[in-house]
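Please read them with the model open.

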Amino acid sequence: MHRPRQQNQLLFTADSRHHMFKLQQTMIHYLIYLTLPLLAFSLPSHDLIGPRTRPTPFLVHSRSEAGDIDYWNTPRPDTFLSKRSDVHSVEYFTNPPSSIEGDFRRHDSSPASPLLNLGKHTKRATAGQWENMSGSGLYHPAVTSWGSNRQDVYYTHRDRKCRHKYYRGGSSPWIPDWDDLGGSLDSAPSCCSRRSGYMHLFCKGTDYQIWHRPYSGGGWGQWQPMGGNCKHYPSSCSWGGRHASVYTSSSDNQLWGVRYDENSGWGSWQNMGGSLAGAPKSVTWGEGHTGVVVRGTDGQAWVTQMMNGNTWGSWTNLGGSLESEPSAVAWNGNMTVAVGGTDGAVWMRTYTNSTGNWGSWMNMGGDVRPGTPPDVVAWGNQMEVYYTGRDGAMYRKKANNGQWTTSWENMGGSVTTKPSGLAWDNGKVDVYGMGSDGSTRRCY
Ligand SMILES: *[C@@H]1O[C@H](CO)[C@@H](O)[C@H](O)[C@H]1NC(C)=O
Ligand SMILES: *[C@@H]1O[C@H](CO)[C@@H](O)[C@H](O)[C@H]1NC(C)=O
Ligand SMILES: *[C@@H]1O[C@H](CO)[C@@H](O)[C@H](O)[C@H]1NC(C)=O
């Protein structure tokens with residue numbers, strides 16, 4: 001990898017290790033005294049995703065020569081859609097298009113006219129509709145979006161360099177060829193966008209450091225070594241505007257994170273303790289909030305949250321029996337965790353910010369391919385969860401206002417990695433995976 005001249009001072013410090021040793025002791029205390037009775041999932045509950053309290057938006061459909069466009073009528077409050085790890089662009093969602101020409105039709109999101117009835121106009125991933133994007137990759141692809149007509153996909157090529165393609169709309173929406181972004185990657189990439197035109201790409205390098213490559217002002221900066229000693233692929237997220245952060249499990253099995261601010265640049269590594277057996281998953285629902293969910297070395301789900309932009313809460317044990325690393329999505333002040341259980345089923349659990357409580361585990365069923373966690377995406381009052389089946393097909397369940405479809409929809413495809421879902425552009429969902437031939441596949 002190309003190393004810039006000044007090496008960032010991001011090595012873990014003895015001071016923070018001492019601090020985290022104390023936190024880890026606290027965690028062991030929790031483990032022993034509080035969580036032993038929680039060795040299994042509790043009984044499923046089916047009403048975890050409640051109705052929303054934000055102003056009721058309605059979807060407007062515009063038909064013009066340029067094609068069909070859907071958008072939301074109301075400027076959304078900050079907490080809606082924009083500030084989540086998988087939507088990625090604050091700017092687009094807080095500044096929706098001011099005028100779109102065409103033949104408008106209104107769809108209220110009332111029970112009489114639920115959004116799900118919009119069918120193709122919601123442009124969710126469609127069963128059987130797969131695109132072979134070719135390529136020759138090693139791990140699951142990573143995907144982000146900074147606005148209505150932009151989607152960026154990354155994968156680690158067999159030569160260990162990062163490949164990148166982006167969607168720009170128009171008559172030939174994808175750039176034709178994969179871009180070689182270089183690097184020396186030892187993991188799947190992770191990327192996030194803090195606002196339109198800004199992206200941060202991360203990976204675990206073959207030297208076990210985190211490497212970072214920024215995109216801004218229409219071009220890529222150099223790869224930068226960030227220090228660290230990571231074990232699995234990193235997870236990055238942005239709560240918007242000036243902020244981005246990346247989290248990794250280190251050789252000490254603990255969670256470490258480092259954070260970027262447009263004004264002050266990169267901070268120093270912070271140790272959050274814990275005892276991780278796999279890659280962490282970080283999400284944010286807005287300014288100052290980040291939640292990180294991990295599979296502990298005890299096989300259970302653990303979560304830590306930062307609510308005020310500063311201090312991390314202690315680890316909360318969510319129980320469960322995880323077969324692989326967890327996935328999560330933050331939405332409207334809540335956070336939903338989706339995991340593949342050792343029983344092969346998908347299990348989900350939701351945190352409600354207003355009460356500070358976690359609901360109980362919900363057994364979604366399914367037959368998850370071992371080693372591939374499910375992925376969950378959300379927007380508005382909609383949520384979707386995807387998993388890769390033992391048979392290589394992808395499967396989906398959808399929730400409208402907390403009401404889950406009862407059976408898994410076979411999306412087809414032929415993938416061997418976990419799904420990488422993307423909710424973008426107000427009601428579109430694309431889901432990616434990698435085929436056994438290393439090609440990146442997109443269901444749209
Ligand atoms: C999620 O958020 C909404 C709105 O803030 C709230 O009413 C609901 O109870 C939350 N939790 C769940 C599990 O839906
Ligand atoms: C996907 O596309 C690549 C390149 O065009 C091709 O070599 C490969 O056979 C395709 N895979 C499938 C399963 O169609
Ligand atoms: C989360 O809850 C806290 C405390 O009740 C509140 O101050 C904050 O605004 C909430 N955040 C969201 C996004 O709902």
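**Notes on salt bridges and cysteines**

1. Start with Arg-441. Its relative accessibility is 18%, so Arg-441 counts as buried. Its side chain meets that of Asp-437 in a salt bridge, 3.6 Å from N to O. Asp-437 is partly exposed, at 44% relative accessibility. Bear in mind that this is a predicted model.

2. Arg-124, Glu-384, Arg-396 and Glu-409 are joined into one network by salt bridges that share partners. The structure holds 16 salt bridges.

3. Next, Arg-163. This residue pairs with Asp-159 in a salt bridge, with 2.8 Å between the closest N and O atoms. Arg-163 is buried at 11% relative accessibility, whereas Asp-159 is partly exposed at 36%.

4. Glu-262 and Arg-195 form another salt bridge, their closest N and O atoms 2.7 Å apart. This pair links distant parts of the chain, 67 residues apart. Glu-262 lies in the loop between strand S16 (255–261) and strand S17 (265–266), and Arg-195 in strand S9 (residues 190–195). Glu-262 has a relative accessible area of 25%, so it counts as partly exposed.

5. How many disulfides does a search of the whole structure find? The search finds zero. Cys-237 is in no disulfide: the nearest cysteine sulfur, in Cys-192, is 6.7 Å away. Cys-237 is buried, at 0% relative accessibility.

6. The cut-off is 2.5 Å. Cys-230 is buried, with 3% relative accessibility.

Note on methods: Residues numbered from 1 in each chain as written. Chains lettered and ligands numbered in written order. Predicted model: local features only at pLDDT ≥ 70, side-chain atom pairs only at ≥ 80, totals over all residues. Heavy atoms only, no water. Buried < 20%, exposed > 50% of the residue type's maximum accessible area, 1.4 Å probe, protein only. Salt bridge = Lys/Arg side-chain N within 4 Å of Asp/Glu carboxyl O. Helix = DSSP H or I, 4+ residues; strand = E, 2+ residues; numbered from the N terminus.
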